[in-house]
Amino acid sequence: MNTRFDFVEGKNTAWCPGCGNMMLLAILKGALEELNLDPTRVVISSGIGQAAKMPQYLRINYFNGLHGRALPVATAIKAANPELTVIAEGGDGDMYGEGGNHFLHTIRRNPDIAHIVHNNMVYGLTKGQASPTSQRGFITPVQVYGVASEPFNPLTTAISVGATFVARAFVGNQGQARELIKAAIGHKGYALIDIFDPCVSFNKINTFNWYKENTYVIDASYDPSDKAAALKKGAEEAPYPLGIIYRQAEHKPTFEEQLAVYEKDPSPLHRRQRNSELLNKLMPSE
Amino acid sequence: MLKDQVSIVLSGEAGQGLDTIESLIIILLKKSGFNAFLSREFMSRIRGGNNTSEIRVSSEKVHAFVDKIDILIMLSPQGADRLETRLTPATIIIGANVAVPAKYAEMGCRVIALDLEEKLAALGGSIYTNIIVTGMLTSLLACDDASAQELIRSRFKAKGEELVNKNLVALQQGVDIARELDIPIAIERDAKAAAKTALSGTEAIGIGAIAGGCNFIASYPMSPGTGVLAYLAKQSKEHGIIVEQAEDEIAAINMMLGAWYAGARAMVTTSGGGFALMTEGMSLAGCVESPAVIHLAQRPGPATGLPTRTEQGDLNLVLYAGQGDFPRVIYAPGKFDDAITLTQKAFDVADQFQIPVILLTDQYFLDSIGMTEQIDFSKSAIVNNFIETTADYQRYALTPSGVSPRGIPGYGKGLVCADSDEHSENGRITEDFAMRVAMVDKRMRKLDGYKDVEPELIGNKDYSTLLIGWGSTYGAICEALKLLNRDDIAFAFFQQVYPVPSSAVKMLEQAQKRIVIENNATGQFGKLLEMETLLKVHQKILKYNGMPFSVEELVERILGGLSS
């Protein structure tokens with residue numbers, strides 16, 4: 001499918017042949033296209049890692065910053081100009097490891113951004129070390145006796161910290177993944193979508209087929225607005241549920257909505273002027 | 001009779017409310033037409049301990065700390081021994097409902113022990129001590145009674161008529177007590193002082209930021225840099241500033257860069273330890289070519305060091321922070337009006353050249369209060385340097401100046417692609433060696449078009465000895481130079497510490513003897529000057545115990561150095 005987000009020179013990517021990111025690129029372009037967004041009004045904030053290279057291959061605004069830091073950058077972009085559609089995107093190591101503290105506090109702030117995390121349970125760009133989501137016993141060149149730490153569960157963490165939209169997708173289920181990305185972008189407030197996205201070079205355990213066999217699509221009868229049920233659903237492992245795990249029924253004020261600067265004037269910061277008269281009053285002679 | 005100047009020190013515990021007295025008396029002195037300067041030193045605790053404030057009133061402009069104490073007002077029995085070396089037989093010690101140790105009378109000091117018990121009980125408690133002391137100062141310093149009453153009224157208005165009246169009674173009691181004491185002080189008034197503004201170093205940075213168009217600040221609290229965050233928070237609604245307390249300094253600096261990217265004018269405020277965490281963001285600003293304004297309020301390190309004390313020990317940190325080569329500018333204001341204009345300039349320079357600009361201050365500078373000339377900001381409009389993009393916009397277009405027109409997302413038809421990886425003109429990752437070199441060269445030539453803030457030469461132009469200082473030592477060195485009264489010595493004051501300004505070489509070359517004066521242990525700026533000018537610094541006057549230089553100490557150490 002041709003989309004307005006296609007970056008012509010972006011065909012030669014830095015990803016390995018067969019990488020799940022290729023599928024995700026197509027899914028994301030499809031979602032953005034179907035949302036009828038204008039590429040000049042969308043920004044992707046990304047960090048470092050193979051996943052974080054995503055905006056390099058899109059016709060879109062981006063801030064490709066540092067490892068782990070996509071969320072604070074995205075929060076500030078949305079705060080400075082609420083008219084923009086803002087997406088933070090990166091891998092599990094980037095977002096849950098290096099950026100773990102930002103993950104927690106961004107959810108607490110609740111900026112109106114979509115948070116897309118490629119989850120392949122391994123570090124790709126640094127060549128195969130454990131990630132926060134790697135499973136116990138996973139052997140790597142560093143974790144030579146296998147991973148000893150508990151795998152990080154982004155879904156239950158996000159729900160318990162107060163996220164109002166939490167979903168999981170799998171690149172092997174393209175139609176659902178596209179719809180979930182659209183729903184995440186459309187959600188008013190912070191929206192997490194953790195996407196299983198196999199690494200073909202460094203994870204020989206959690207392969208495309210492994211994900212296929214160890215996931216299932218959540219039944220239509222499931223009520224995602226039930227927080228207790230969502231915590232239970234999000235904690236399920238092998239098979240892992242795919243779909244909207246939690247979506248709060250009532251609107252929660254976003255970070256931008258609570259900023260005093262937008263109380264009376266919705267215009268973004270770049271369209272405003274300093275008030276010299278008020279400024280002069282800061283240096284009273286009386 | 002104290003005619004030219006007087007130094008009054010208030011000594012109390014944390015939580016006793018010395019700041020109430022400070023804030024009232026400084027405005028009162030200004031309204032009454034006196035030059036005054038107030039500096040503070042305090043312990044890292046919320047209650048107890050010993051904190052002092054020094055109030056200097058002078059017939060001339062004053063902006064420095066002195067050791068000498070003419071009048072010591074003790075609000076707490078604790079900690080006076082810390083001040084012993086600063087007492088002389090001429091010192092008058094007033095115990096405000098506090099027993100003054102007998103040894104001070106033995107030293108020859110005049111000791112006045114005030115029993116305020118009855119008065120305080122009648123007023124409603126020891127909380128009124130501060131206002132009684134304010135009344136005493138009003139009388140001792142010959143401030144206007146009516147102005148003092150007016151200040152009390154406006155200060156306590158919100159708390160109701162009864163409290164206003166009680167405080168007015170306390171004020172009058174203080175005035176009456178001081179009249180009986182027969183302490184002759186007659187400082188000449190300065191007609192210009194009343195038209196000035198009394199403000200702290202913290203407020204100066206805050207006002208400068210708003211003047212620079214700051215509309216976004218993200219920071220993590222750390223003394224002594226937090227005051228700027230609190231000041232901008234206080235002004236946020238009126239001046240349209242987004243204020244966010246970040247989860248850590250790493251988030252703070254990344255938020256600042258995200259904000260600039262989206263068209264805001266943003267800053268962070270921190271101290272050395274917080275800036276250490278921001279280092280990666282500093283380098284990020286260098287690579288994505290983002291404007292950045294960083295206020296670093298220095299305190300003594302290493303590590304946690306002395307959290308509430310002062311030092312100039314972080315020049316090397318900001319000078320070298322960040323992996324790779326990229327341009328930066330570092331300012332270190334020495335007086336409050338310069339702090340305002342330099343902070344304002346920091347935003348403009350950061351925006352114009354798309355570089356990080358660092359403001360280096362310190363605890364002594366920020367917590368001091370002085371008199372500043374008013375500035376009319378309507379004469380300096382903000383020029384936002386971002387452009388409306390066209391469809392073929394390239395964020396890192398190679399230009400002769402090295403500065404690429406800066407687009408922001410959502411304004412124009414182009415895409416704004418900022419990248420921390422080495423990138424091509426359109427902001428996409430590249431590993432092309434020629435492009436890499438072109439991008440480094442482009443970034444490094446950006447400052448070719450920058451005009452230095454040249455050092456200020458104070459004293460005789462035909463000097464043979466040159467004192468060199470930067471930042472908060474300005475006032476003390478100026479006053480010491482004046483007291484030395486020698487036409488062979490001058491003072492070169494640097495408020496731009498990096499890049500080393502172009503006129504520095506000539507200024508340094510003329511001197512046969514160059515003496516750096518720095519509030520740190522190794523003479524960081526002196527070493528930078530030697531490296532950049534290839535001229536030797538002959539002597540270093542350094543202090544790193546956590547306190548600022550006093551005027552007397554500088555006179556003594558400069559004279560000592562000259563004879564060696």
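The views below show a predicted model, with ipTM 0.98 and pTM 0.97. For chain B the mean pLDDT is 96, and 100% of the residues reach 70 or more.

**View 1**

**View 2. The open sheet of 7 strands in chain B.** Pairing in this sheet is mixed, and the strand order is S9-S8-S10-S11-S13-S12-S21. Strands S9 (242–245) and S21 (496–498) of chain B each have a single partner strand, so one side of each lacks a neighbour in the sheet. On average, neighbouring strands here are turned by 20° against each other, direction ignored.

**View 3. Strands S8 and S9 of chain B.** Strand S8(B), residues 216–219, runs parallel to S9(B), and 4 bridges join the two. In one of the pairs, B:Ser219 has B:Gln245 of S9(B) as its bridge partner.

**View 4. Strands S7 and S14 of chain B.** S7(B) pairs with S14(B), residues 369–372, in the antiparallel sense over 4 bridges. Opposite B:Leu199 stands B:Gly370 of S14(B). Strand S7(B) covers residues 197–200, with B:Thr197 and B:Leu199 pointing one way and B:Ala198 and B:Ser200 the other. In a regular strand, side chains alternate between the two faces of the sheet. All four of these S7(B) residues, B:Thr197, B:Ala198, B:Leu199 and B:Ser200, are buried.

Notes: Residues numbered from 1 in each chain as written. Chains lettered and ligands numbered in written order. Predicted model: local features only at pLDDT ≥ 70, side-chain atom pairs only at ≥ 80, totals over all residues. Pairing = 2+ DSSP bridges. Axes fitted to C-alpha atoms, helices over the stretch in contact; angles between N-to-C directions. Buried ≥ 20, exposed ≤ 12 C-beta atoms within 10 Å, placed from the backbone. pLDDT = per-residue confidence, 0-100.
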